[in-house]
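Please keep the viewer open as you read.

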Amino acid sequence: MGWEMEPLLLAWSYFRRRKFQLCVDLCTQMLEKSPYDQEPDPELPISQAVWILKARALTEMVYVDEIDVDQEGIAEMMLDENAIAQVPRPGTSLKLPGTNQTGGPSPAVRPITQAGRPITGFLRPSTQSGRPGTMEQAIRAPRTAYTARPITSSSGRYVRLGTASMLTNPDGPFINLSRLNLTKYAQKPKLAKALFEYIFHHENDVKTALDLAALSTEHSQYKDWWWKVQIGKCYYRLRMYREAEKQFKSALKQQEMVDTFLYLAKVYISLDQPVTALNLFKQGLDKFPGEVTLLCGIARIYEEMNNISSAAKYYKEVLKQDNTHIEAIACIGSNHFYSDQPEIALRFYRRLLQMGVYNCQLFNNLGLCCFYAQQYDMTLTSFERALSLAENEEEAADVWYNLGHVAVGIGDMNLALQCFILALVNNNNHAEAYNNLAVLEMRKGHVEQARALLQTASSLAPHMYEPHFNFATVSDKIGDLQRSYVAAQKSAAAFPDHVDTQLLIKQLKQHFAML
Amino acid sequence: MAEMKSVFREVLPKQGQLSVEDITTMVLCKPKLLPLKSLTLEKLEKMQQAAQDTIRQQEMAEKEQQQITH
C-alpha cells in the first residue's frame with residue numbers, strides 16, 4: 001500500500017468537488033468503523049464531523065433553491081382561500097390575467113397558456129402552475145408542463161424523491177427522525193443548522209424541521225435571523241402564509257438579506273397580492289441597489305400580470321447588471337419575436353448560444369427567428385439540430401409543429417401536412433397541430449375531416465380561440481348556423497377583441513333575426 | 001413644409017367604384033417559441049427521472065427475485 005489519504009480529508013475533498021455520492025459512501029464507511037448510535041458521540045469529534053459531512057452531502061444531492069420551488073397541487077389551487085379578495089380589482093391580482101392595457105401582443109399574435117397569459121420565454125417551476133379556472137382544466141396537464149399535477153403538494157415531487165432515496169438505502173434512512181432528541185440538537189447551533197437542512201431538504205419532513213427550528217430559535221433567544229427565515233420557510237411549505245410573513249418580517253428587522261426579501265415576496269404572491277410584492281421588491285432595491293434577483297422578481301410579477309412592457313423594462317434593467325442572465329435574455333427575445341422583430345430576437349437567442357446554452361428549445365427558437373428574419377440558410381439546420389436534441393416526444397412534437405409553419409411559409413403544403421402529422425404522432429394532444437391540420441384539410445376541401453380535427457382541437461385546448469373560430473367559420477359555410485353560433489361565442493369568450501369573430505356573430509345574428 | 005405639402009398631394013380617385021370584399025379565412029395557430037428551462041427546473045426534472053429509474057430498477061430486481069424463488 002502506498003500513500004493513503006486521511007479519509008475525512010478525502011471525504012471533504014469529494015464534497016467540495018461535488019462528488020456527493022462518493023463522499024456519502026466514504027462517510028458511511030467511516031461511521032461504520034467508529035461506533036455511532038443515531039447521534040454523534042461528543043467524545044469523538046471526528047465521528048461528529050463525519051456525521052455532519054454526510055448530512056450535508058445528502059442534502060446537497062437533492063438541494064434545490066427553495067426560492068424557486070413552488071409546486072401547487074390541485075387541492076391547493078382549487079381550494080385556495082388564501083387570496084385576500086375573492087373578486088379583486090383589475091390590476092391587483094395574479095389570478096385574472098388582466099386586460100391588456102399596455103399594448104402587449106394580442107392572442108392573435110402571441111399564443112397564450114391555459115391560464116390566459118401570453119406564453120413566456122422562460123420556464124420556472126412556478127411558471128408551470130398558472131392557475132386554471134376550473135377543476136377540469138386543473139386536472140388536465142397544462143401544455144407547457146409535461147408532468148401531470150399531483151393532487152396536493154404533499155403528494156408531489158418531494159415525496160417521490162424521498163421514497164427513492166429510502167429505497168436506495170437498504171439499511172434504512174441515515175437518521176431516524178422519530179428517534180431524534182431535538183432539544184439536545186437545538187443546543188448545538190452548528191450541528192442544528194446542518195441537521196435542519198437535512199430534515200428539510202432531504203427528508204422533506206417539514207413538521208420535524210419546524211420543531212427543530214422553533215427549539216433552536218428559542219435557544220438563540222430569538223436573536224438569530226437565520227432560524228427565523230427557516231421557520232418562515234417551514235410555515236410557507238405548510239401553507240401558513242400569515243405566520244410565515246411574521247417570521248420573515250422579524251428576520252428582516254434583524255438583518256436585511258436579499259433571500260429574506262425574496263421569501264417574503266413569495267408569500268405575498270401566494271396571497272395573491274402582487275402590488276405588495278412589487279413594493280417589497282422596490283424596498284429591497286433601496287437597500288440592495290441593482291440586485292439582479294430582486295429586479296428579476298419585479299419583472300416576473302409584471303409578466304404574470306400581463307404587463308409586458310413593464311416586464312421588458314425590468315428585464316432590460318437585469319441585463320444591465322448581469323449580461324448573462326438567461327431568463328432575461330430569453331424573455332426579451334421572445335417579446336421581440338412576438339412584436340414583429342424576429343431579427344432582434346435572433347440576436348438575443350444567438351447570444352444565448354454563445355453563452356453555451358445548447359438544447360432543443362434554443363435551436364427551435366433560433367430556427368423560427370431565422371425563418372421569419374429571412375435568413376433561410378440557417379433555418380433548416382437549426383430545426384434539424386433541435387430535433388436531434390429533443391429529449392422527449394413532446395419536445396419533438398413542438399419542433400415538428402414549428403417546422404410545419406416554415407413549410408406553410410414556403411408554400412410546401414405537402415411538407416406542412418407531414419410536419420403537423422408528425423407533431424401529432426409525437427404528441428397526440430397537440431391541439432395547435434390539430435387546428436393547423438384542419439386548416440390544411442379544409443384547403444383541400446375535406447370538410448368533414450377538418451370539422452373532426454377542429455372539434456378535437458377545441459376540446460383539447462378550450463383556451464385557444466383559433467379552433468373555435470375555425471369551427472364556426474366551417475360550420476357557417478356548410479350552413480350549420482346553430483353550431484357556428486355556439487362556437488363563435490366560445491371564440492369570443494377566449495379572445496374578446498377578435499374582429500372576425502365579432503363580424504361572424506353579427507352576421508349570424510342577422511340570419512337568425514331573418515328567420 | 002407648407003411648400004412640400006403643395007408639391008406632394010395624395011391621389012384619391014373621385015370616380016369609379018371601390019369595392020372591398022372581406023372574406024373570413026381560417027386562422028392558423030401561431031408558431032410557438034419554446035420557453036427555455038431554468039436550472040432549478042432542469043435539476044428537479046433530472047432528479048425526478050433518476051428517482052423513477054431507481055424505483056423501477058428496484059422493482060425489476062424484486063420481480064426477478066420472486067421469479068427465482070417460485
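Which helices do the buried residues of helix 21 of chain A pack against? They pack against helix 20 (393–410) and helix 22 (431–443) of chain A, where contact means heavy atoms within 4.5 Å. Helices here are DSSP runs (H or I, at least four residues), numbered from the N terminus.

This is a predicted model, in which local features need pLDDT of at least 70, side-chain atom pairs count only at pLDDT 80 or more, and totals for chains, interfaces and linings use all residues. Residues are numbered from 1 along each chain as its sequence is written, chains are lettered from A and ligands numbered from 1 in the order in which they are written, and side-chain values use heavy atoms, leaving out hydrogens and water.

The buried residues of helix 21 of chain A include A:Leu417, A:Phe420 and A:Leu424; buried means under 20% relative accessible area, exposed over 50%, and partly exposed in between (1.4 Å probe, protein chains only).

## Aromatic pairs

Over all chains, the whole structure holds 19 aromatic pairs. Rings of Phe, Tyr and Trp (its six-membered ring) pair if their centres lie within 6.5 Å; planes under 30 degrees apart count as stacked, over 60 as edge-to-face and the rest as tilted. One of them, A:Phe15 with A:Phe20, is edge-to-face, at 5.6 Å centre to centre and 65° between the planes. Both A:Phe15 and A:Phe20 are buried.

A:Tyr485 and A:Phe512 also form an edge-to-face pair, with 5.6 Å centre to centre and 85° between the planes. A:Tyr485 lies in helix 25 (residues 481–494) of chain A and A:Phe512 in helix 26 (residues 499–514) of chain A, so this pair ties together parts 27 residues apart in sequence.

Methods
Helix = DSSP H or I, 4+ residues; strand = E, 2+ residues; numbered from the N terminus.
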